[in-house]
Number of protein chains: 2
Amino acid sequence: MTPQTRKKPERRTSPLSRERIVDAAIGLLDTAGESGLTFRSLSERLATGPGAIYWHVAGKSELLAAATDRVVTIALTEGTAGPPGGIHDVALGLFDAIEEHPWLAPQLTTQLSHNPTGPVTTRIFEATGRQVSALDAPASSWFTATSALMHYILGAAGQNAANLALARDLGPEADRSAYMDTVAGAWKQLSPEDYPFTRAVADQGLEHDDRVQFLAGIDLIVAGVTARPPAAQQLREGRARAAEAEPPASGRTSPR
Amino acid sequence: MTPQTRKKPERRTSPLSRERIVDAAIGLLDTAGESGLTFRSLSERLATGPGAIYWHVAGKSELLAAATDRVVTIALTEGTAGPPGGIHDVALGLFDAIEEHPWLAPQLTTQLSHNPTGPVTTRIFEATGRQVSALDAPASSWFTATSALMHYILGAAGQNAANLALARDLGPEADRSAYMDTVAGAWKQLSPEDYPFTRAVADQGLEHDDRVQFLAGIDLIVAGVTARPPAAQQLREGRARAAEAEPPASGRTSPR
DNA sequence: ACCTGAACACCGTTCAAGT
DNA sequence: ACCTGAACACCGTTCAAGT
């Protein structure tokens with residue numbers, strides 16, 4: 001089981017290293033899912049004991065963070081490599097990475113929450129924000145715009161990955177568009193009094209192309225960024241807000 | 001909800017019920033956090049054995065789903081109660097609920113992923129979408145707009161709750177604005193070559209009022225919704241796409 | 001019908017002991 | 001320095017047995 005190539009009296013290359021451990025962890029996560037990664041399964045794959053891993057890695061959460069950072073870094077450098085750049089590239093880079101590694105979405109929200117100044121969060125923020133700063137928008141809106149885009153990208157990409165997994169559960173034949181039909185079908189069963197909006201949306205059909213749907217959201221937010229700075233950033237503790245904010249919006253569909 | 005008007009006065013009301021269990025679970029989550037809820041701690045609180053709970057609830061995931069549904073339903077009915085309605089009310093209703101119950105944010109993304117047609121997801125989608133449909137925007141954009149708003153609300157509110165928890169760790173004195181200063185400080189330590197954008201944002205100072213910041217994001221997305229349908233959805237890599245009947249919308253907003 | 005609580009099959013993590 | 005693997009303190013869940 002153990003390699004015997006020991007020509008040099010010098011120290012042999014260690015069979016265990018942080019990098020190899022992270023590699024194996026990613027492989028396990030990809031093939032067996034989040035619950036498939038345990039220190040026992042990992043040590044078995046690496047042909048060691050569970051305790052050995054702790055010499056290279058502090059614990060499970062650090063291991064997960066390292067795996068997340070690795071995958072995100074690759075996705076971001078690939079995505080931003082091309083000359084055109086643009087928000088679509090960054091967004092699709094993350095979108096594809098999350099689709100390829102479904103465990104990534106929950107891990108990313110964990111990183112955002114538990115370690116907002118950590119490398120993962122900062123990398124994504126920087127990559128997204130750089131594209132925002134290239135838009136025609138005042139610098140005062142950068143933070144808000146980047147934040148909105150980041151949350152949308154992570155949320156929508158995670159949703160897409162989850163949908164794909166559920167589509168697979170539907171049967172080996174089913175793809176995403178079949179699954180979207182299932183969702184629309186479920187929505188049409190809802191009560192008209194309680195869920196008029198959801199039913200209306202189901203009636204008009206859901207976009208079957210996941211990338212088109214995803215990028216439509218990106219473009220919508222970009223439109224908001226370039227449209228106009230959200231007129232008022234006036235400070236007001238608590239509630240008293242000036243009434244200027246919401247245009248009356250010619251009440252064509254009033255929520256009842 | 002539950003009948004407690006049992007006729008026999010000497011007969012005590014049933015010591016265990018699904019409702020009581022969910023109540024206790026929420027209490028435990030609020031006070032002890034996500035890791036504080038175990039079947040053992042829960043059964044101790046309810047003065048029973050761990051196995052007793054399984055007669056009323058299928059398992060832990062169902063219990064979590066029920067707790068999430070309960071809190072979300074309350075937040076949404078309170079939020080939409082007022083006559084003005086509007087997106088701000090729905091958004092702030094969820095924002096406050098997540099701030100009050102920090103375990104809610106991860107649970108909501110779990111619900112979205114694992115049960116997209118379940119009651120929690122559908123309730124939030126409907127409440128948000130109803131406000132979207134009241135805006136001055138074409139129905140064809142409703143799904144995209146609702147999806148973008150939902151992901152932003154959940155992501156940003158979760159981030160805020162996480163920030164509050166981290167601020168508390170900073171010391172009992174620290175509030176959110178002190179924590180934002182800490183974040184900005186950390187950002188300024190970043191290398192100028194690798195993180196120019198993040199540093200620039202840190203320099204211009206972060207909004208200290210969490211609600212103002214949150215609503216700025218909402219307004220930005222709303223601006224995108226009402227501005228105009230996103231002009232160009234140009235796809236890379238030839239992809240056959242049915243031409244939507246979308247008017248070109250006098251291109252004033254072009255992402256460069 | 002509802003509840004008990006011991007038992008089972010796991011976990012992450014530790015640590016004396018080995019090389 | 002690096003690794004072993006038994007042991008510890010938990011988990012969620014089950015189930016024969018009680019009322």
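User: Buried area is the accessible area (1.4 Å probe) that two parts lose on being put together, summed over both; how much do chain B and chain A bury between them?

Analyst: Chain B and chain A bury about 6600 Å² between them, and 64% of that lies on carbon and sulfur atoms. This is a predicted model, in which local features need pLDDT of at least 70 and side-chain atom pairs count only at pLDDT 80 or more, while totals for chains, interfaces and linings use all residues. Residues are numbered from 1 along each chain as its sequence is written, chains are lettered from A and ligands numbered from 1 in the order in which they are written, and side-chain values use heavy atoms, with hydrogens and water left out.

User: Which residues in chain B lose the most area to chain A?

Analyst: Phe143(B), Phe197(B) and Leu220(B) do, and together they account for 11% of what that side buries. The contact (heavy atoms within 4.5 Å) takes 77 residues from chain B and 77 residues from chain A.

User: Switching to helices, how do α8(B) and α11(B) cross?

Analyst: Helix α8 (residues 142–170) and helix α11 (residues 210–227) of chain B have axes that come within 10 Å and cross at roughly 165 degrees, and they are therefore roughly antiparallel (over 145 degrees). Their crossing is right-handed, and the residues making the contact include Leu149(B) and Ile153(B) of α8(B), with Phe214(B) and Ile218(B) of α11(B) among their partners.

User: What classes of residue make up that contact?

Analyst: The contact of α8(B) with α11(B) has eleven nonpolar, three polar and one charged residues, where Ala, Val, Leu, Ile, Met, Phe, Trp, Tyr, Cys and Pro count as nonpolar, Asp, Glu, Lys and Arg as charged, and the others, Gly among them, as polar.

User: What about α9(B) and α10(B), at what angle do they pack?

Analyst: Helix α9 (residues 176–188) and helix α10 (residues 196–203) of chain B pack at about 140 degrees with their axes 8 Å apart, and are therefore oblique to each other. The crossing of α9(B) and α10(B) is left-handed. In α9(B), Ala184(B), Trp187(B) and Lys188(B) meet residues of α10(B) including Arg199(B) and Asp203(B), and by class this contact has four nonpolar, one polar and three charged residues.

Definitions and conventions
Axes are lines fitted to C-alpha atoms, for helices over the stretch in contact, and angles run from 0 to 180 degrees between N-to-C directions. Helices (H or I, at least four residues) and strands (E, at least two) are DSSP runs, numbered from the N terminus. Angles under 35 degrees count as roughly parallel, over 145 as roughly antiparallel, 65 to 115 as roughly perpendicular and the rest as oblique. A crossing is left-handed if the near helix is turned anticlockwise from the far one by less than a right angle, and right-handed if clockwise.
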